[in-house]
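I opened this structure for the first time today. These are my notes, in the order I looked things up.

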Amino acid sequence: MQPIISIITVTYNAGQVLEKTIRSIVSQTAFANVEYIIVDGASKDNTTDIIRQHEHHVSRWISEPDKGLYDAMNKGIAMATGDYVWFINAGDEIYENDTLEKILQQPSGADIYYGETLETTEAGETIGMRRLSTPEQLDWKSFQWGMLVCHQSILVKREIAGNYDLSYRIAADIDWVISALKKSTLVINTHLVLSRFAKGGTSGKHIKKALRERFGIMTRNYGFMRTVFNHVVIGTKFFWFLMRNKRF
């Protein structure tokens, strides 16, 4: 029996981008295996009108004030009853109509499935594949080199998907994935592009705070000296990337 995937979309004043996200989910050829949940933060635009237009495809949804993105994502996890949770937030899309079907063809029983991410502009124009290299084999130590797998391209078994730590305002997704990987025994690389990620989110707009939070998370998981050394290596590689591409 194939697993049920709880796809969770978190929204707030997302009227301009929500419909493309919903359409990418309800058009999945394996949609029968989807429990679709939308968590809205009491939007003041036409977000809830759009949700109501597609309500027949939505398993459950709420619209109420929250304490931010990660609080809303925690609500989504609490509402989920499927075997896996997959966050495709407003503005993002599943890569192709048969992507979920291809995921379900992977070997069964994994704690985590992951794949590649195509980056787009907020207007939907293609930028290209995400710059960070997705590792052939992923474990919790992989993230000492950064967010190597985009949050929109990782499916986590619900029983190991804890809550997001609300003490982090921007980088709780890294902490959440590391925690899930520590609990996992079988992690499968699907070798698929799983999602289209619209750049321009919270971490991109508050880069300094995001870096501070990420440094703290990595220090807690990997130690201070190891984290400092890794950041020197990452910074050096990024500098040479800029030089090679004449962006410096």
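**Notebook: strand, helices and loops**

I started with His 191, which is found in strand S9 (residues 187-198). Helices (H or I, at least four residues) and strands (E, at least two) are DSSP runs, numbered from the N terminus.

Before going on, I noted the ground rules. This is a predicted model, in which local features need pLDDT of at least 70 and side-chain atom pairs count only at pLDDT 80 or more, while totals for chains, interfaces and linings use all residues. Residues are numbered from 1 along each chain as its sequence is written, and side-chain values use heavy atoms, with hydrogens and water left out.

**Entry: His 191**

I checked the backbone. Phi of His 191 is positive, near 55 degrees, and the residue is not a glycine. Is His 191 buried or exposed? His 191 has a relative accessible area of 55%, so it is exposed. I use three classes: buried is under 20% relative accessible area, exposed is over 50%, and partly exposed is in between (1.4 Å probe, protein chains only).

Next I looked for partners. Leaving out residues up to four places away in sequence, His 191 touches Tyr 114 and Glu 136. Contact here means heavy atoms within 4.5 Å. I also found Gly 115, 76 residues apart from His 191 along the chain, with 5.7 Å between the two C-alpha atoms.

**Entry: the whole chain**

I stepped back for totals. The protein chain has eight helices and nine strands. Of its 248 residues, 51% are buried. Among contacts with a separation of 6 or more, 75% are between residues 24 or more positions apart.

**Entry: helix H7**

I took H7 (residues 207-222) and tested its length. Its 16 residues at 1.5 Å a residue should span 22 Å, and the end C-alpha atoms are 22 Å apart, which agrees. The expected span is 1.5 Å times one less than the number of residues.

Which residues of H7 are buried? They are Ala 210, Glu 213, Ile 217, Met 218, Asn 221 and Tyr 222. These cover an arc of only 140 degrees around the axis, which means they sit on the same side of H7. The arc is that of the directions from the helix axis to the C-beta atoms. I reminded myself that an α-helix has 3.6 residues a turn, so residues three or four places apart point the same way. On the other side of H7, I found Lys 208, Arg 212 and Arg 220 exposed. After H7 comes Gly 223, with a positive phi near 95 degrees.

**Entry: H5 against H7**

I then looked at a helix pair. H5 (residues 172-183) packs with H7 at an angle of about 20 degrees, and their axes are 10 Å apart. Axes are lines fitted to C-alpha atoms, for helices over the stretch in contact, and angles run from 0 to 180 degrees between N-to-C directions. The angle therefore makes H5 roughly parallel to H7, a term for angles under 35 degrees.

Which residues make the contact? H5 gives Ile 174, Asp 175, Ile 178 and Lys 182, and H7 gives Arg 214, Ile 217, Arg 220, Asn 221 and Tyr 222.

**Entry: helix H3**

I turned to H3 (residues 69-79), which is mostly covered, with nine of its 11 residues buried. Among the buried ones are Tyr 70, Met 73, Ile 77 and Met 79. The buried residues of H3 pack against S1, S2 (34-40), S3 (60-63), S4 (84-87) and H5.

Asn 13 is in the loop between S1 (5-11) and H1 (18-26). Its phi is positive, about 45 degrees, although Asn 13 is not a glycine. At 35% relative accessibility, Asn 13 counts as partly exposed.

Gly 109 lies in the loop between H4 (99-104) and S6 (112-120). Gly 109 is partly exposed, at 43% relative accessibility. Not counting residues up to four places away in sequence, Gly 109 touches Tyr 84, Lys 157 and Leu 186. Gly 109 and Leu 186 are 77 residues apart along the chain, yet their C-alpha atoms are separated by 7.7 Å.

Ser 142 lies in the loop between S7 (126-129) and S8 (154-157). Ser 142 counts as buried, at 10% relative accessibility. Leaving aside neighbours within four places in sequence, Ser 142 is in contact with Gln 137 and Leu 148.

Note on methods. Parallel < 35°, antiparallel > 145°, perpendicular 65-115°, else oblique.
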